[in-house]
Amino acid sequence: MLLGLLATAFAIGLSWIVLTVVRNRATVAKLKKLLPHFNAVPSLPVIGSSYHIKDPTPEGIFAAFTGFHRSYGRNLFTEGLFNTPSVQIIDPKVIEQVVQARTIEKTLIYEFMVPWLGTGLVVSTGSKWAQRRKVITPTFHFKILEDFLVIMNRQADVFIDKLAPNVDGPNFDIYEHVTYCALDIISESAMGVKLNTQLQPNAEYVKAVKEISEIILKRIFSLGREFKWTFLFTEAYRRQKRLLKVVHGFADRVISERKKQLEDEREQQRAQEQIEETDVYGKRRMTLLDLLLNVTVDGKPLSNNDIREEVDTFMFAGHDTTTSCISFAAYHLSRNPEIQQKVYEEIQQIVGSDAKRAELTYGTLQELKYLEMVIKETLRMKPSVPIIGRRSAGDMVIDGVTIPAGIDFGIIIYALHNDPELYPEPERFDPERFSDEAAAQRQPYSYIPFSVGSRNCIGQRYAMLEIKTILVKLLANYRLLPCEESNALRIKTDMTLKPVQGAFVKIISR
Ligand code: HEM
C-alpha cells in the first residue's frame with residue numbers, strides 16, 4: 001500500500017518535471033526564433049545553465065553570471081533549474097527598449113524582499129508605485145536635502161574620529177565603518193531617529209538587517225529559487241521570521257512615537273493659535289516619515305503598514321548602496337596616489353584649508369567636479385546595484401518583436417560598465433572617462449548606475465551629497481595607502497555589490 005503510494009507520488013513528480021522541462025525548453029526555442037541575434041548560454045536538461053558555475057560561493061556565482069557576457073555575447077538566454085528561461089542583457093540599445101516598456105513589472109528576485117520591505121517603492125508597480133513616487137518625491141527637494149546635509153556633516157565627523165585609532169596602523173576594513181556611518185545618516189533623515197550605530201555597532205536592529213540581507217542573498221542564488229514555497233520549510237525561513245519581528249517592531253515603534261509627537265504638537269499649536277498648520281515642524285528637520293504621516297492618497301492618510309514599508313525601503317536602499325560606493329572609492333584612491341592627490345588639491349582649493357572639519361554646504365559640494373568624476377568612475381567599475389530586473393508584461397518590444405508576457409530580463413549593470421568595447425581597459429580606474437568631453441561621446445544607456453527611465457533612483461542626489469561629504473572629510477583628514485595584496489578587494493553581490501571580506505586600506509594623518 002505504502003509502496004504503491006510512493007510509486008504514484010514518484011510518477012507524478014517525474015511527470016511534472018518532464019512537462020516543466022519540455023514547456024520551458026519550448027519557450028526558449030520560441031525566444032531564440034524571435035530574437036535570432038541573441039545568443040544562448042549552453043544548457044543541459046533539468047539543471048539548465050547552472051553547470052557553468054564551478055565555484056558555488058556568492059563570489060563565484062557572481063563571477064560566472066557576469067562572465068557569461070565575455071564568453072557568449074551581450075544579449076543572452078540562460079536557463080535555471082528545470083530550464084526556467086531568462087534573458088541577460090548588456091547591449092545599451094536593448095537595455096533602452098527594456099526599460100522603456102510601457103508596463104513595468106519586476107522579476108522574481110524582488111519578491112524575496114517582500115517579507116521585509118513589503119511593496120514599498122523599490123518593489124511596487126502600477127498605480128500604487130505611481131502614487132507613492134509622487135508623494136515621496138518632495139522629500140528630495142533640494143531645500144530638504146540641505147537639511148539632510150547637516151546630518152551628513154555631523155555623522156561624517158564622527159566617522160573621522162572613529163577611524164583615528166587606525167592611523168599609522170596595519171590595513172583595516174573601511175567598509176564596516178562606512179556602513180555604520182551611512183546607517184546613522186539614513187535613519188536620522190528617514191525617520192528622525194538617531195541610531196548611533198557608529199558608537200554602538202552591535203545594536204539589535206543593525207544585526208537583524210545584516211542577517212536578513214544574507215538570507216535574501218542565499219535565496220537569490222539558490223538553485224531552486226523559482227520554487228518559492230520550498231523556503232517555508234527551511235530553518236532560514238524561521239530565522240527570517242524572528243529577524244523581521246525585530247526590524248518591523250523597531251519601525252513600528254518609531255512610527256507610533258512620531259505620530260503621537262506630531263499630534264501633540266498640533267494640539268499645542270491649535271491652543272496657541274499662533275503658528276499656521278503648514279509650520280507644523282517648527283524648526284525641526286523634515287524627515288521622510290513626517291512627510292508620509294502627513295500625506296493623503298485618495299483622501300485617506302496612509303496606514304502604519306503603508307508607512308512602514310516605505311520607511312523600511314529607504315532604510316535598506318539608502319545605506320548599503322552609498323556604503324559600497326564610498327568604500328570602493330576609498331579602495332581605488334588608495335591604489336591610485338596621483339588621482340588621490342588631485343582630489344585632495346581640489347578639496348583644498350574649493351573647501352579651503354579648514355576642510356578637515358568644515359561644514360560642507362550644498363553649493364561647495366556642487367563645485368567639486370573632479371571628485372564627482374572619481375565617484376562616477378567608482379560607480380562604473382563597481383556599480384552599487386549591479387543587476388536590476390524587469391519582467392515583460394506583453395507590451396515589451398525589442399527590435400520590432402513583441403516579447404511574450406512573463407519573461408524575466410536581468411540588466412547586468414556590472415557587465416555593461418565593464419564591457420571593454422564601451423570602456424577600454426575596464427579594470428583601469430580612470431576618472432577622465434567622465435570628463436565633459438568623454439561623457440558627450442558616450443553611447444546612451446551605456447552608463448546607468450542609478451538606472452534610467454521612470455523607475456530610476458529617487459535618492460541619487462541625496463546619495464551624491466552623502467558620498468561627497470564623507471569622501472571630502474576622509475581625504476582632508478587622512479592619506480589613504482594601499483592594503484596588503486592578500487587583502488586585495490574581491491566582490492560578491494546580494495541586492496547590492498559588496499566586498500567578500502572587506503575593503504581594506506591603510507591611513508596616515510594629513
Ligand atoms: C550610490 C548610491 C545609489 C545607487 C547606485 C542607487 C541605484 C539605484 C538603482 C539602480 C535603482 C533601480 C532599482 C531597480 O530598478 O530595481 C534604484 C532605485 C531606488 N533607489 Fe537608489 N541608489 C543609490 C542610493 C539611494 C539612496 C541614498 C536612496 C534613498 C535615500 C535610494 C532610494 C531608492 C529607491 C526608493 C528606489 C526605487 C525607486 C522607484 O522604483 O521608484 N537610493 N537605486
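Two strands are taken to pair if DSSP finds at least two bridges between them.

In strand S10, glycine 410 is the bridge partner of glutamine 88. The strands S3 (residues 85-89) and S10 are joined by four bridges and run parallel. Strand S7 (residues 387-391) also pairs with S10, here in the antiparallel sense and over five bridges. Within this pairing, isoleucine 387 has isoleucine 412 of S10 as its bridge partner. S10 itself spans residues 408-412 and is mostly covered, with five of its five residues buried. Burial extends to both faces of S10. Asp408, Gly410 and Ile412 lie on one side, and Phe409 and Ile411 on the other.

A further sheet is open and has three strands in the order S4-S14-S11, with antiparallel pairing. Strand S4 (172-173) and strand S11 (478-482) stand at its edges. Each has a single partner strand, so one side of each lacks a neighbour in the sheet. Strand S14 (residues 504-509) pairs with S11 over five bridges in the antiparallel sense. Serine 509 in S14 stands opposite tyrosine 478.

The ligand is surrounded by 23 residues. The closest are Ala317, Gly318, Thr321, Cys457 and Gly459. Helix H12 (304-317), helix H13 (320-334) and helix H19 each supply at least two residues of this shell. By class, the shell has 14 nonpolar, seven polar and two charged residues.

Cys457, one of the closest residues to the ligand, is also listed by UniProt, in an unreviewed entry, under "binding site". Cysteine 457 is placed in the loop between helix H18 (436-441) and helix H19 (460-477). The residue counts as partly exposed because 18 C-beta neighbours lie inside 10 Å, whereas a buried residue would need 20 or more. Neighbours within four places in sequence aside, cysteine 457 is in contact with Phe450 and Ser451.

Confidence was considered last. The mean pLDDT of the protein is 91, and 97% of its residues reach 70 or more. Over residues 276-282, however, the pLDDT is below 50. This stretch has six contacts in the model beyond near neighbours in sequence. Where pLDDT is low, predicted coordinates should not be read in detail.

Note on methods
Residues numbered from 1 in each chain as written. Predicted model: local features only at pLDDT ≥ 70, side-chain atom pairs only at ≥ 80, totals over all residues. UniProt positions renumbered as here; feature names shortened; annotations may be inferred. Buried ≥ 20, exposed ≤ 12 C-beta atoms within 10 Å, placed from the backbone. Contact = placed C-beta atoms within 7 Å. pLDDT = per-residue confidence, 0-100. Near = placed C-beta within 6 Å. Nonpolar A, V, L, I, M, F, W, Y, C, P; charged D, E, K, R; others polar.
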